[in-house]
Amino acid sequence: MAMTTHREDDTSPRAPLGTWPTLLEPAPRLARALGLGPEDLWVKRDDLTGLGGGGNKIRKLEWTCGAALAAGATTLVTTGAPQSNHARLTAAAGARLGLRVVLVLAGAPGGTASGNLALDGLFGATVVWAADGEPLDSRARKVVEEERARGEVPALIPFGGSSALGARGYVECARELLDQAPDLATVVVALGSGGTMAGLVAHLGTSRVLGVHCGAVTDPAATVTRLVDELAGPGGVTGAPRLRLDQVGDGYDTPGEPVMNALTLAARTEGIVLDPIYTGRAMAGLIAAVADGDITPGRRTVFLHTGGLPGLFGHPATLARAGAALLSPPDNPRHAPTA
Ligand SMILES: *Cc1c(COP(=O)(O)O)cnc(C)c1O
């Protein structure tokens, strides 16, 4: 059920980091390739949010960094996977705001940094590797203590930026989207740490937001519901989140074949680059939703492009497949008419 009210403390400071509003663009060739009408599918370009290569984390960081600055922070500390887009954009936000950034990442140093990790270094962030089996949160709390000991004022930004505060950025996005597309039937979004979907659901209701689980959290429905309840108040939004759980493949880092197909199709019909972890899964979920009748022609579907391009350059298996695809063009739909 749609619900447009939510608790909001309008005195909360917001650090200006991104470029708004993001574009809403038609995707007629991709729509036709999926069996939709040419007017049915639109792409909300939250990959083009400006700062640091762009992506959905910027909307959340405007709120979490705003709170950090208001609290007098001098260092931002956050956690993530080695190819975390959120970590990269936190590093960029720190550079923009003149704050020190420490990233606590899962794994071990070694080899040449690629993709997001290379950008983390370029933005001047310090990377701390959590020891094998050490929970990221407890390592991050240690880093916070270490920062205090050296006289800094640390602010801990949550995993993926997904606190209720960060998710407000996606309440804003939902407002923006309704201005651009009042007849919106479904917005399809990748579900990682959950804040993006939760912010959308808090403003649009459960039925208009389809989340595609990417395998980053163990209980996606509970994760989203908890954040929605914090944003809208318990019972403020009714119904269970609308989710697809069929695109996780062999796990977060190992997308399945439908994801590779989705990457190829979006690239060849619209010149849009998706990433193998999030947006490729979301598009594979959209394709599956059209195939099984959950998304139908004649109604407006919006694909929320949440960014992730640097992650493609940090995922060797996908890069190898993409390069090989250049050599085998038979299923390239480039000559498909648009109408
Ligand atoms: C983090 C991320 C998501 C998921 O957003 P959450 O708010 O964590 O659920 C989707 N796409 C990309 C590219 C991301 O980096």
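The model is predicted. Its chain is divided into domain 1 and domain 2, and the cavity count comes to one of 30 Å³ or more.

**Domains**
- Domain 1 is made up of two stretches, 24-54 and 163-327, while domain 2 covers 57-161.
- Between the C-alpha centres of domain 1 and domain 2 the distance is 25 Å.
- In the contact between them, 27 residues of domain 1 meet 23 residues of domain 2.
- The size of an interface is often given as the accessible area lost when the parts come together.
- For domain 1 and domain 2, the buried area is about 2000 Å², and carbon and sulfur atoms give 60% of that area.

**The largest cavity**
- The volume of the largest cavity is about 30 Å³.
- Its lining consists of Arg14, Trp20, Arg59, Glu62, Trp63, Gly169 and Glu172.
- Helix 2 (57-70) and helix 6 (164-180) are the elements that each give two or more residues to this lining.
- Helix 2 supplies the largest share of the lining, three residues.

**Gly72**
- Gly72 sits in the loop between helix 2 and strand 3 (75-80).
- The relative accessible area of Gly72 is 38%, which lies between the 20% limit for buried and the 50% limit for exposed, so Gly72 counts as partly exposed.
- Gly72 and Val153 are 81 residues apart in sequence, yet their C-alpha atoms are 6.9 Å apart in space.

Note on methods:
Residues numbered from 1 in each chain as written. Predicted model: local features only at pLDDT ≥ 70, side-chain atom pairs only at ≥ 80, totals over all residues. Heavy atoms only, no water. 1 Å grid on protein atoms, 1.4 Å probe; cavity = no way out; pocket = protein on both sides within 12 Å on 5 of 7 lines; lining within 4 Å. Points joined across faces, edges and corners; volume = space filled by probe spheres on them. Helix = DSSP H or I, 4+ residues; strand = E, 2+ residues; numbered from the N terminus. Buried < 20%, exposed > 50% of the residue type's maximum accessible area, 1.4 Å probe, protein only. Domains from an automatic or database assignment. Contact = heavy atoms within 4.5 Å. Buried area = accessible area lost by both parts, 1.4 Å probe.
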